[in-house]
Amino acid sequence: MKCQLVSCGTDKNVILWDVTTGNTVRKYRGHLSTVNSVAFNEESTVAISGSVDTSVRCWDLKSKRNEPIQILGEGTDSVTSVSVSSYEVLAGCADGRVRRYDLRNGKLDTDDLVHSITSVRLTKDGQGILCSCSDSTVRLIDKDSGELLSEYKGHTHNQFKIDSCTNHSDTHVVSGSEDGCVYFWSLIDGTITHRLRHEGARIVHSIAYHPTKNCFISAAEGRFWIWQESEQETEE
């Protein structure tokens, strides 16, 4: 089984990599501006990317074609974040809207959170959408109704693209911050339970939690931190 990862960046490309060799497998071109976010589908056969050009594009990783197999062009501003489930694509946008594409039924649902969104993630149970907003608030909305379920505050998020997610057991909300910390809130009552400082870093922008274990990776200004329980490891 091949071990691959997919990346994106300011060169407008989506790039598929072979993790074992470190070599580029294929470059996918088609976006008209910086690509902000990219994710595999569950089978890792399609990559879904979101761009400053306001579009979401789907790329067939098993085909030799470099053109997207589908373009979702309903955005009116930069697509800052994408998240993918078995049959849905979530797109968080700078226009403050979350767009949810149901690929089974060809249906689009839109929820307006007013403030620019920099990260969207489904909760582990698939019932909620966690949104990082640039008014220093993480919002949890019901996926089906769009109802606001909870807000999480106390961190700083005004200028940069900041990620948030739930932990491995869906009991806590986790977010980066522009004050050099990672914040944990209780999912239920919204109280801050932990604040993890990253020494020497001003902006913690990226978070990725292990799907089944209590460990995660955070990234800040050219470095990443690997956290597990109370232990910390740092990689340059």
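Tutor: Two strands pair if DSSP finds at least two bridges between them. Strands here are DSSP runs of E, at least two residues long, numbered from the N terminus. This is a predicted model, where local features need pLDDT of at least 70, side-chain atom pairs count only at pLDDT 80 or more, and totals for chains, interfaces and linings use all residues. Residues are numbered from 1 along each chain as its sequence is written, and side-chain values use heavy atoms, with hydrogens and water left out.

Student: How many bridges join strand S6 to S7?

Tutor: Three, and strand S6 (residues 56-60) runs antiparallel to S7. Arg-57 stands opposite Ile-71 in S7.

Student: What is the strand order in the open sheet?

Tutor: S4-S5-S6-S7, paired antiparallel. S4 (35-40) and S7 (70-72) are the edges, each with a single partner strand, so one side of each has no neighbour in the sheet.

Student: How many aromatic pairs are there?

Tutor: Rings of Phe, Tyr and Trp (its six-membered ring) pair if their centres lie within 6.5 Å; planes under 30 degrees apart are stacked, over 60 edge-to-face, the rest tilted. A search of the whole structure finds seven pairs. Tyr-28 and Trp-59 have ring centres 5.8 Å apart and planes at 50°, so that pair is tilted. Tyr-28 is in strand S3 (residues 24-29) and Trp-59 in strand S6, 31 residues apart.

Student: Are Tyr-28 and Trp-59 buried or exposed?

Tutor: Buried means under 20% relative accessible area, exposed over 50%, partly exposed in between (1.4 Å probe, protein chains only). Both Tyr-28 and Trp-59 are buried.

Definitions and conventions
Helix = DSSP H or I, 4+ residues; strand = E, 2+ residues; numbered from the N terminus.
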